Amino acid sequence: FADPEFGGPIAGHKSLATALAAYELAWVDGGAATCLIAWGLALQPIISAGTDQQRAKYLGASVSSPQREQRQNVMRGAFCLTEPLPYDGVDTGMLSGKVRVAQWNRGDTPLLHVRKRGRFTNNMDFANFVVVAVASDDPRIQGTCMIILEEGDEGTFDRGTVTHKLVHQLTSTRDPVFDMQVPASRIVGGYTIEDGVIVPNCNHAQILESVFSRTRVPAGVMTGAKLLSSVEPIIRYQRERFRGGEGQPGTPRHDLGRQPKEDALQRLVDIWAAGEAACSLGFAAARHFD
């Protein structure tokens, strides 16, 4: 996701590159592809609306390089928008996460107190920074914003309860809890001060519009890739199950196992066609965003 100036391989927009990577990963394992998308969700607010300092810090630190001998030195992010019940992420305009001014001395950067409870947040087992959406709970802060929290900040960085699920285990989905103090410079996109009030340069809805319009396309490609990846294993299973169990070599039962006729192949055509169409549409949309 990073530009070459921060150690990344590709300059400019990367929607198509991300979609291609998600396609390849999802073909093998949907959870691995979801990890990619979740990491992109954490970085995209910084890419789309972050300050120069924020881009330099988090994009540069998120790139693995030979100079970083220890894997733990690479920063990995999570994106925390959805809320505990009853909101459950249905209405992104309703944020239970709150931000207040914890300390503000004249001439100093304001210190903010952020409280946030997330739901179904991916990458939480290994994320060392989280981008959270919060609303003001203080007359000295205007509206909503997104704020970057780091594992080492003062306060509680609780990775939360594990979400039990049947698929995509690699994404490490949890319900995290954050209660932390961070400098106002962590507000994504920066801020201005007007009449003693902190005014974020970008509210959370503006950032989400840019983020979701790009990151939802690779997620759609993932689904198409998983459809396509299912065709060959089904055919292989049908041909190998009971193969050689009955009859003589050269007979349909012996050579094709559970697939002595072509009807099973014909039934897979719809799955194959849907996967091809979905991926074609997804790649076209990714190129359009680029």
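Is glutamate 150 buried or exposed? In this predicted model, glutamate 150 counts as buried because its relative accessibility is 15%, and a residue is called buried under 20%. The close-up views below begin with this residue.

**View 1. Glutamate 150 and arginine 186 form a salt bridge.** The nitrogen-to-oxygen distance between the two side chains is 3.7 Å. Glutamate 150 belongs to strand β5, whereas arginine 186 is in the loop between β7 and β8 (191-194), so the pair ties together parts that are 36 residues apart in sequence. Arginine 186 is also buried, with a relative accessible area of 10%.

**View 2. Arginine 159 and glutamate 151 are joined by a salt bridge.** Here the N to O distance is 2.9 Å. Arginine 159 has a relative accessibility of 19% and therefore counts as buried. Glutamate 151, at 42%, is partly exposed.

**View 3. Aspartate 137 pairs with arginine 115 in a salt bridge.** The closest N and O atoms of this pair are 3.2 Å apart. Aspartate 137 is partly exposed at 33% relative accessibility, and arginine 115 is partly exposed at 31%. Both residues belong to a network of salt bridges that also links Arg100, Asp138 and Arg140. In general, side chains of opposite charge can pair when their charged atoms come close. The model contains 13 salt bridges by the rule applied.

**View 4. Threonine 173 makes a polar contact with asparagine 122.** The contact joins the two side chains at 2.5 Å. Threonine 173 is located in the loop between β6 (154-162) and β7 (174-183). With a relative accessible area of 6%, threonine 173 is buried. Leaving out residues up to four places away in sequence, threonine 173 touches Phe120, Thr121, Asn122, Thr161, Val162, Thr163 and Lys165.

**View 5. Alanine 22 is a buried residue of helix α1.** The helix spans residues 15-28, and the relative accessibility of alanine 22 is 0%. Apart from neighbours within four places in sequence, alanine 22 is in contact with Ala33, Leu36, Ile37, Pro218 and Met222.

Notes: Residues numbered from 1 in each chain as written. Predicted model: local features only at pLDDT ≥ 70, side-chain atom pairs only at ≥ 80, totals over all residues. Heavy atoms only, no water. Helix = DSSP H or I, 4+ residues; strand = E, 2+ residues; numbered from the N terminus. Buried < 20%, exposed > 50% of the residue type's maximum accessible area, 1.4 Å probe, protein only. Contact = heavy atoms within 4.5 Å. Polar contact = N/O pair within 3.5 Å; in protein donor to acceptor, adjacent residues only side chain to side chain. Salt bridge = Lys/Arg side-chain N within 4 Å of Asp/Glu carboxyl O.
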